[in-house]
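Visitor: I would like to learn how to read a structure feature by feature. Could you take me through one, giving the general idea before each case?

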Amino acid sequence: MENRDVKSSAKRTFSFPVMIAIAAVLFLAGMTIHVPTALGQGITENAIISWQGVYEQQSQEYFLQVDYQGAPVDSYPMGTMPQAWFHPAQGDRLTTKIDDPRVMMFAYRANPGLVKTLLGTHDNVSAFFVVFPAGPVSYTDRFLHALSAQGINPDRFGGPDIPVGVVPYSHLTGGVLHIDTEVNDNTLTQCKPGAMPLELQALLAQH
């Protein structure tokens with residue numbers, strides 16, 4: 001009789017609703033407790049080379065195009081941009097000049113969340129309510145040179161704070177500045193809009 005009561009109690013304790021509740025608690029705990037991850041664990045980093053506005057004359061559609069190192073170009077639909085920004089390119093395409101700040105400012109006003117994610121300051125690293133992050137971002141030395149030459153700090157469109165003329169290019173590992181990492185340029189951490197990347201802070205402190 002006593003054994004039967006123990007079994008009955010165990011069934012009640014591990015009933016389906018209770019198991020669902022336990023699973024939910026564990027899931028929320030997993031989202032809340034940050035587990036450090038690193039680029040060395042097979043995580044792909046999006047290394048930006050440039051951006052550009054594109055107009056497809058046949059479809060009459062506008063795009064923000066972002067070029068990544070070692071990866072296909074990505075295109076993001078945009079609203080109507082001023083035609084004066086564009087010039088003929090290949091086929092029926094018109095393009096703006098590369099890294100035209102007007103294009104990124106237009107995109108930022110139209111879709112600030114998208115632009116911040118592209119620049120590495122929004123939903124790039126796993127965190128609470130960020131179950132499927134877009135992936136960490138880095139800036140190639142080519143991209144950084146282009147920004148500096150135009151006097152552009154990406155913080156003007158929700159990106160990180162990278163003041164013009166401060167990047168020690170010769171000390172960039174692999175020719176890129178990691179935006180979403182800790183000072184060891186490996187362990188992931190989300191860079192916030194308008195914040196200086198931790199790796200850049202460390203480089204400036206050393207040199």
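Visitor: Which residues do ring pairs link into a cluster?

Guide: A pair of aromatic rings is described by the distance of the centres and the angle of the planes. Rings of Phe, Tyr and Trp (its six-membered ring) count as paired if their centres lie within 6.5 Å, and the planes are called stacked when under 30 degrees apart, edge-to-face when over 60 and tilted for the rest. Here ring pairs join Trp51, Tyr139, Phe143 and Phe157 into a cluster, and the structure holds 7 aromatic pairs. The pair of Tyr139 and Phe143 is edge-to-face because the ring centres are 5.1 Å apart and the planes stand at 90 degrees. Both Tyr139 and Phe143 are buried, where buried means under 20% relative accessible area, exposed over 50%, and partly exposed in between (1.4 Å probe, protein chains only).

Visitor: What should I know about the origin of the model and its numbering?

Guide: This is a predicted model, in which local features need pLDDT of at least 70 and side-chain atom pairs count only at pLDDT 80 or more, whereas totals for chains, interfaces and linings use all residues. Residues are numbered from 1 along each chain as its sequence is written, and side-chain values use heavy atoms, with hydrogens and water left out.

Visitor: How many helices and strands does the protein have, and in what order do the elements run?

Guide: Helices (H or I, at least four residues) and strands (E, at least two) are DSSP runs, numbered from the N terminus. The protein has 6 helices and 7 strands, and from the N terminus on the order of its elements is α-α-β-β-β-β-β-α-α-β-α-β-α. Of the 207 residues, 38% are buried.

Visitor: Which residues of helix H3 are buried, and what do they pack against?

Guide: An α-helix has 3.6 residues a turn, so residues three or four places apart point the same way. In helix H3 (residues 101-110), the buried residues are Pro101, Val103, Met104, Met105 and Ala107. The buried residues of H3 pack against strand E1 (46-56), strand E2 (61-68), strand E3 (74-78) and helix H4 (112-119).

Visitor: In what sense do E2 and E3 pair, and over how many bridges?

Guide: Two strands pair if DSSP finds at least two bridges between them. E2 and E3 pair in the antiparallel sense over 5 bridges, one of which joins Gln65 to Ser75 in E3. The two strands, E2 and E3, form a hairpin with 5 residues between them, and Gly70 in the turn has a positive phi of about 70 degrees.

Visitor: With which residues is Asn46 in contact, leaving aside its neighbours within four places in sequence?

Guide: Contact means heavy atoms within 4.5 Å. Asn46, in strand E1, is in contact with Tyr68, Ala134, Gly135, Pro136, Val137 and Ser138 once its neighbours within four places in sequence are left aside.
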